[in-house]
Amino acid sequence: MENKIRVILVEDEPFWQNNISKYINKENDIEVVRIIDNGPDAVEATRSLEFDVILMDLNLSRANLDGLMAIRALSQAGHKVIALTAIKEQEVIAQSFESGAVNFINKSSLVDILRAIRDAHMNQIYIHPDGSEVLRKEYLKEIRLSKVLTPSERLVYDLRSRGLNKTQIAEQLHKSISTIKKQIRFVKDKLKEQGISF
């Protein structure tokens, strides 16, 4: 069949490289055109390789979640990346989408990868159940945050969530540390009432 959907598989474990590529290559309309075992090489390969969709493992080369950095770089370049991993933590799923993944599939749901590839290629929005529940929760949380926090409190919340301490937040927002301490306390109190951890 002509015009197959061309897939780059970014995966460092030979077992998964072999099984995923065999599974995909059985299809008449999809083929794995390259297997790459790390993020930087994947980013580099996309500059010269013709492809349609990237399947990206999140833990590559024994580095902790280094696939997320590759997803960010590839999605910013306009490529369609599907996160494919054995990780099930909600925070990691959310980070995958924040980094630009168009879908998230756990390796235990490998049978669903074919639909995800076809959907991504056709620019169709279908989020696999492995990721959709987390997205729903994040969306609802965003709505609640926008209702209870003022814009200035939301800034403090976002900076704190990114790991900045009180001093760093004060410097970034050009406020005193005592003002930031008060705002953090207000934010914590408001979120506690909503059952949102901070």
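Glu 11 is found in the loop between strand E1 (5-10) and helix H1 (14-25), in a model that is predicted. The protein chain is divided into domain 1 (5-130) and domain 2 (149-194), and the C-alpha centres of these two domains lie 36 Å apart.

**Glu 11 and Lys 107**

- Glu 11 has a relative accessible area of 1% and is therefore buried, since the limit for that class is under 20%.
- Beyond residues up to four places away in sequence, Glu 11 touches Trp 16, Gln 17, Ile 35, Ile 36, Asp 37, Asp 57, Leu 60 and Lys 107.
- Lys 107 belongs to the loop between strand E5 (103-106) and H5.
- Lys 107 also counts as buried, at 7% relative accessibility.
- With neighbours within four places in sequence left aside, the contacts of Lys 107 are Glu 11, Trp 16, Asp 57, Leu 84, Thr 85 and Ala 86.
- Between Lys 107 and Arg 144, which are 37 residues apart along the chain, the C-alpha separation is 32 Å.

**Aromatic pair**

- A pair of aromatic rings is described by the distance of the centres and the angle of the planes.
- The count of aromatic pairs comes to one, formed by Phe 15 and Trp 16.
- The ring centres of Phe 15 and Trp 16 are 5.1 Å apart and the ring planes stand at 85 degrees, so the arrangement is edge-to-face, the class for angles over 60 degrees.
- Phe 15 is exposed, at 52% relative accessibility, whereas Glu 11 is buried.

**Largest pocket**

- The largest pocket holds about 470 Å³ of space.
- Its lining comprises 18 residues, of which Glu 98, Glu 138, Lys 141, Tyr 157 and Ser 161 are the closest to the centre.
- Helix H4 (90-99), helix H6 (129-148) and helix H7 (151-161) each contribute at least two residues to the lining of the largest pocket.
- The lining of the largest pocket consists of nine charged, five nonpolar and four polar residues.
- The largest pocket lies between domain 1 (5-130) and domain 2 (149-194), because both domains give residues to its lining.

**Second largest pocket**

- The second largest pocket has a volume of about 170 Å³.
- Of the 13 residues that line the second largest pocket, Val 102, Ala 120, Asn 123, Gln 124 and Ile 125 are the closest to its centre.
- Helix H5 (residues 113-121) supplies the largest share of this lining, with three residues.
- The lining of the second largest pocket has eight nonpolar, three polar and two charged residues.

**Residues with positive phi**

- Most residues other than glycine have a negative phi.
- Asn 123 has a positive phi of about 60 degrees although it is not a glycine.
- Asn 123 is placed in the loop between H5 and H6, and is exposed with a relative accessible area of 57%.
- Asn 123 is also one of the residues closest to the centre of the second largest pocket.
- His 174, likewise not a glycine, has a positive phi near 55 degrees.
- His 174 sits in the loop between helix H8 (166-173) and helix H9 (177-194).
- The relative accessible area of His 174 is 74%, so His 174 is exposed, the limit being over 50%.

Key:
Residues numbered from 1 in each chain as written. Predicted model: local features only at pLDDT ≥ 70, side-chain atom pairs only at ≥ 80, totals over all residues. Heavy atoms only, no water. 1 Å grid on protein atoms, 1.4 Å probe; cavity = no way out; pocket = protein on both sides within 12 Å on 5 of 7 lines; lining within 4 Å. Points joined across faces, edges and corners; volume = space filled by probe spheres on them. Helix = DSSP H or I, 4+ residues; strand = E, 2+ residues; numbered from the N terminus. Nonpolar A, V, L, I, M, F, W, Y, C, P; charged D, E, K, R; others polar. Domains from an automatic or database assignment. Buried < 20%, exposed > 50% of the residue type's maximum accessible area, 1.4 Å probe, protein only. Contact = heavy atoms within 4.5 Å. Phe/Tyr/Trp six-rings, centres within 6.5 Å; stacked < 30°, edge-to-face > 60°.
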